[in-house]
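Open the structure in your viewer and get your selection tool ready.

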Amino acid sequence: MQAEAAVSPSVRRSVSRPIAGLAVAAVVLIGLFMVINAAGLWGYVLPRRAVRAGAMALSGIVIGISTVIFQSITANRILTPGIMGLDRLYVLIQSALIYTLGSSHPWVSNLRTNFLLCTGAMAVFAVALHRLFFDGKRANIYVMLLIGVVAGTLFDSLASFLVVLIDPNEFLIIQSRMFASFNRITVGLLWPAALMTIAVLAWAAPTLRYLDVLALGRDHAVSLGVDYQGAVRRLLIAVFLLIAVSTALVGPITFLGLIVANLAYELLDTYRRGPLMVGAGLGGIIALVGGQLLLEHVFVFSVPLPVLINFAGGALFMYLLLKERAAW
Amino acid sequence: MVEAHAIVKRYGPRTVLNQVSVTVEPGQLTSFIGPNGAGKSTLLSIMTRLVPADAGEVRLDGRPLARYDSRELARRISVLRQFNHVPLRLTVRELVSFGRFPYSHGRLTKADEEAVDRALAAMELGDIQHKLLDQLSGGQRQRAFIAMVVAQETDYVFLDEPLNNVDMKHAVQVMKLLRRLVEEEGRSVVVVMHDVNLAAYYSDRVVALKEGCVAFDGPAQDMMEPAILKNVFGIDVAVGEIHSCRVCVYFAEAEQLAANGHVAQGAIAPRLK
């Protein structure tokens, strides 16, 4: 067509520059975290900080990626995988273990055993929920989400109940695990978590290229030849497993996903889920490492990290709701 | 050839389709017409595997749809449903490029880009191809979605009310494009529509549904009889001829039609042909 001459220029801005900016910011923050106030004790400081930086990078990436996947499947940019109640289940498991076995039992005090136990229980719950409410003829993702919300509230109430019954000294242990923290990560936890994350991502990777089409909605995806049911099933299970690993590693922090996913949507002028996942993953690293730096050097551990993150996330959430409302 | 054989679909106690059998011949433009709730959209969705049937079978060239690989099927049958809302910020060209997914899986080749260009040109979207969908008027957006299905280059194209939100000029443009797909490219097009006059003029064949059953199935011009239209839609209709097009008037009272000397209520206008 001769219409080419009259074509308005593409409205899209480049995505590689903001991604490069995010990557630089992430690297600088990690570098800063590693060296700040080291007082020359490199042999002592670096390995310990590297483990925590690794844990922050791992959970930042996992939360960013899984939120973008989850929001693409549910076609909703104000949901996070946290809606499924996995983080509440985590608190319930910890409370139940400490209440029934006591805090000195190896299932509680051995962090690695505790980690594997929590991951396993959350994975079983997620897959069972999925099997019960998403498989079968009348698969409806919103019914499954609703059941997840209700189950999460139930877990919350049960955990509160156990906390009331528990010995006050034991309660302190639970309380320390109710908030996400990077201060108790060890190499022994980081490796299994990293390996599980890589395994889940590798399992989901072939399906990730359908994500752009899945985000168009079921009808378009089916018309374009995607096995919608199968692809959504695999990606949802992957998201649940990723969140289970991340929560068991550092504690409940999925609200972070809302911030970093929306940050990626605003910064990157694209609909393509590949760059968006990269951007959200980098954003996750920046938020966690930046938050941890603020926590250690500005607030001097006077507030837990999730309080900082939830405050920023809550403000952003309100802003998004009001903005969406204005757009109607 | 796409055949729907004895299709039954129920939603709760309501039977939406009751033993419907319809054959879509290759190289034809077929319209599904009928009152609201007659089952047109459901039939279209079942024939394009978007919705499973409770009983019956859909076959493409004699083979049941269920026995096709979904990617292979996406190169044979494409479908566009009504109420298209996409929760992404897409430009027109990006949307149309999705039509090439069954071929390229997201990495467009030169041939894919050319197919996108052809589809954009056919729907006269070339000069707004880089606009975002939410900046477009309803009619432009509708044409962008149709262009996506056109870019998919399938033998069979199913469209559910593509004339929704489209003004007279663009409705005619859409129908002409669909005719061109049939005549020049030998594709088969199935359209659910409400405008009986456009359906009669542009279709080769019309299937009228009423309460989940086929009420008429035949050449488009044969449908334009007051008795048939009254049976399908349940209102009095006058049929006349303007510039050798058969058109029907369905929006005046029966007495008015009679008083003005038009034919109504089962009478058949003389055909000039």
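## A strand with two partners

Begin in chain B of this predicted model: select strand β3 (residues 29–33), which pairs with β9(B) in the parallel sense over four bridges. For a landmark on this side, show I33(B), which stands opposite A208(B) in β9(B).

Next, select strand β9 itself, residues 205–210 of chain B.

Then follow the chain around the turn. Two residues lie between β9(B) and β10(B), which form a hairpin. Click on E211(B) in that turn, where phi is positive, at about 50°.

## Two crossing helices

Move over to chain A and select helix α3 (residues 86–101) together with helix α11 (residues 228–250). Their axes come within 10 Å and cross at roughly 40°; α3(A) and α11(A) are therefore oblique to each other. The crossing of α3(A) past α11(A) is right-handed.

Which residues meet here? From α3(A), show L86(A), D87(A) and Y90(A); from α11(A), show F240(A), I243(A), A244(A), T247(A) and A248(A). Colour the residues of this contact by type, and you will find six nonpolar, one polar and one charged.

How values were computed: Residues numbered from 1 in each chain as written. Chains lettered and ligands numbered in written order. Predicted model: local features only at pLDDT ≥ 70, side-chain atom pairs only at ≥ 80, totals over all residues. Buried ≥ 20, exposed ≤ 12 C-beta atoms within 10 Å, placed from the backbone. Pairing = 2+ DSSP bridges. Axes fitted to C-alpha atoms, helices over the stretch in contact; angles between N-to-C directions. Parallel < 35°, antiparallel > 145°, perpendicular 65-115°, else oblique. Left-handed = near helix turned anticlockwise from the far one by under 90°. Contact = placed C-beta atoms within 7 Å. Nonpolar A, V, L, I, M, F, W, Y, C, P; charged D, E, K, R; others polar.
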